[in-house]
Amino acid sequence: MTKESVSPACTLSHVIFLSEAECLHLLLFFSERMIMGQHTLFDVFAYLCAELLASGITFTKDGYPIFPEHIMLGCNPNDISEMIDWRNRNKAENPANTIIVMYLDDEFLYRRLFRLKQDLPEYKRFLAVAGFDLSPRIGMDPELQRFNITLGMMATIWLGLHGVRIIPNWRIGDQSTLPALNAYPRNAMFAVGTLGCSHGTKQDKDYGEIMLRTKVLITDPQLLLIYGPLLEQNRMLMDKLGIPYKLWREYRHRSYAATQIGKVA
């Protein structure tokens, strides 16, 4: 399916169509919290945008970078032996068959964005890297949700353009961010992080089910690679919709379970 695309200038207001006041709000927000050395996240955003545009990447009409299929992992799912988070990557038994996931707290991920070039050889040791999971939390200001989603997408594509196989991150924010899913090829393989998603009220879970159905309709995923626990209602829904998936519990859970088995033995 051909996606409508634009080639925006490398400013936040052009890329995700924010007003100047919204851009100023973001600038103040991140300048106060995320200044590292002489650079801010806006510098990273502008750098990544320029890099992507120079490489021929276009953006959807809503301002999200379109993922080219040639940078995405296309292996047989049976060749994937493990998913593990970046912090525990050195515990991977077979890096060449392991997917690194970036389901970590935002401040840690922001630091990784400042070190993309330095970390590139490390990313390349692994089979693939799942997209950066900067938080677009429900209830967060819509412009902050779009900023985090766009920044994470651009960083993920940047890795792909530099020789790292990538798997798009299926996460979005509230309903206003659903257009982000149009940046991905339909029927692709997606990574899903469920850490922290197992809790909440019945209303939260019902809303999550509606969003799950909507995301399936938009993306028609070939396979979901799930890192973390899976709610039984979501398992039943995916089985009902015929969505194939593979599940890995988070490394912390696996390692703890292994120590308990050792104690019993």
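1. How many bridges pair β7 and strand β8, and in which sense? Five, and the two strands run in the parallel sense, with β8 covering residues 223-227. Two strands pair if DSSP finds at least two bridges between them. One spot to look at is A191, which stands opposite L225 in β8.

2. Before going on, a word on what you're looking at. This is a predicted model, where local features need pLDDT of at least 70 and side-chain atom pairs count only at pLDDT 80 or more, while totals for chains, interfaces and linings use all residues. Residues are numbered from 1 along each chain as its sequence is written, and side-chain values use heavy atoms, with hydrogens and water left out.

3. Now the overall picture. The chain has nine helices and nine strands; helices (H or I, at least four residues) and strands (E, at least two) are DSSP runs, numbered from the N terminus. Of the 265 residues, 50% count as buried, where buried means under 20% relative accessible area, exposed over 50%, and partly exposed in between (1.4 Å probe, protein chains only). Take contacts (heavy atoms within 4.5 Å) between residues at least 6 apart in sequence: 71% of them join residues at least 24 apart.

4. Back to the sheet we started with. Its three strands form an open sheet in the order β7-β8-β9, with parallel pairing. At the edges are β7 (189-193) and β9 (245-248), each pairing on one side only. On average, neighbouring strands here are turned by 20 degrees against each other, direction ignored. Helix α8 (residues 232-241) packs on this sheet and touches β8 and β9; its direction makes about 155 degrees with that of β9. For these angles, axes are lines fitted to C-alpha atoms, for helices over the stretch in contact, and the angles run from 0 to 180 degrees between N-to-C directions.

5. There's another open sheet, made of four strands in the order β3-β4-β5-β6, and its pairing is parallel. Here β3 and β6 (166-167) stand at the edges with a single partner strand each, so one side of each has no neighbour in the sheet. β3 is joined to strand β4 (residues 98-101) by four bridges, and E82 stands opposite T98 in β4. Two bridges link β4 to strand β5 (residues 128-130), and the bridge partner of I99 in β5 is A128.

6. Is either face of β3 (residues 82-85) left open, or are both covered? Both are covered: E82 and I84 on one side, and M83 and D85 on the other, are all buried.

7. What about the nonpolar core? That term means a set of buried Ala, Val, Leu, Ile, Met, Phe, Trp, Tyr and Cys residues joined through side-chain atoms within 4.5 Å. The largest one has 78 residues, and L73, I80, I99, F132, L151, L159 and L225 touch the most other members. Helix α6 (residues 142-161) gives the most to this core, with nine residues.

8. Finally, have a look at helix α4 (residues 106-113), where R112 lies. The helix is mostly covered, with six of its eight residues buried: D106, F108, L109, Y110, R112 and L113. Why does R112 count as buried? Because its relative accessibility is 10%. Not counting residues up to four places away in sequence, R112 touches W86, M102, D119, Y123 and F132.
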